[in-house]
Amino acid sequence: TKQIPQAIEAIEQTLDVHPGCLVAHRNKISVYLNTGRVDEARKAHVEMKRAAPFHPFTANEGKRIPKQK
């Protein structure tokens, strides 16, 4: 867990250079979900939808995020 901030930073740097990198978007969502940060995962998914709104990966990632209550 100590490396989570560094992981997020590395993913952010990748997205700064390659905003359409779906693997980076998926990784960011996964890190947030695996650390219980569901709201941040939702925000990351919104960013992914902006980058690739019609890609199947985008739809699949949305299914992994718990619905808001």
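The crossing of α2 and α3 is left-handed, that is, the near helix is turned anticlockwise from the far one by less than a right angle. Helices here are DSSP runs of H or I, at least four residues, numbered from the N terminus. This is a predicted model, where local features need pLDDT of at least 70, side-chain atom pairs count only at 80 or more, and totals for chains, interfaces and linings use all residues. Residues are numbered from 1 along each chain as its sequence is written, and side-chain values use heavy atoms, with hydrogens and water left out.

Back to the pair. α2 and α3 pack at about 170°, axes 8 Å apart; axes are lines fitted to C-alpha atoms over the stretch in contact, and angles run from 0 to 180 degrees between N-to-C directions. They are therefore roughly antiparallel, the label for angles over 145 degrees. Which residues of α2 meet α3? Among them are Leu-22, His-25, Ile-29 and Tyr-32. Contact means heavy atoms within 4.5 Å.

Now α4. α2 and α4 pack at about 0°, with axes 11 Å apart. They are therefore roughly parallel, meaning under 35 degrees. Residues of α2 including Arg-26 and Ser-30 meet residues of α4 including Phe-57 and Glu-61.

Next, α2 itself. Its 13 residues should span 18 Å at 1.5 Å a residue, and the end C-alpha atoms are 18 Å apart, so the two agree. That expectation is 1.5 Å times one less than the number of residues. After α2 comes Gly-36, with a positive phi near 75°.

Methods:
Helix = DSSP H or I, 4+ residues; strand = E, 2+ residues; numbered from the N terminus. Parallel < 35°, antiparallel > 145°, perpendicular 65-115°, else oblique.
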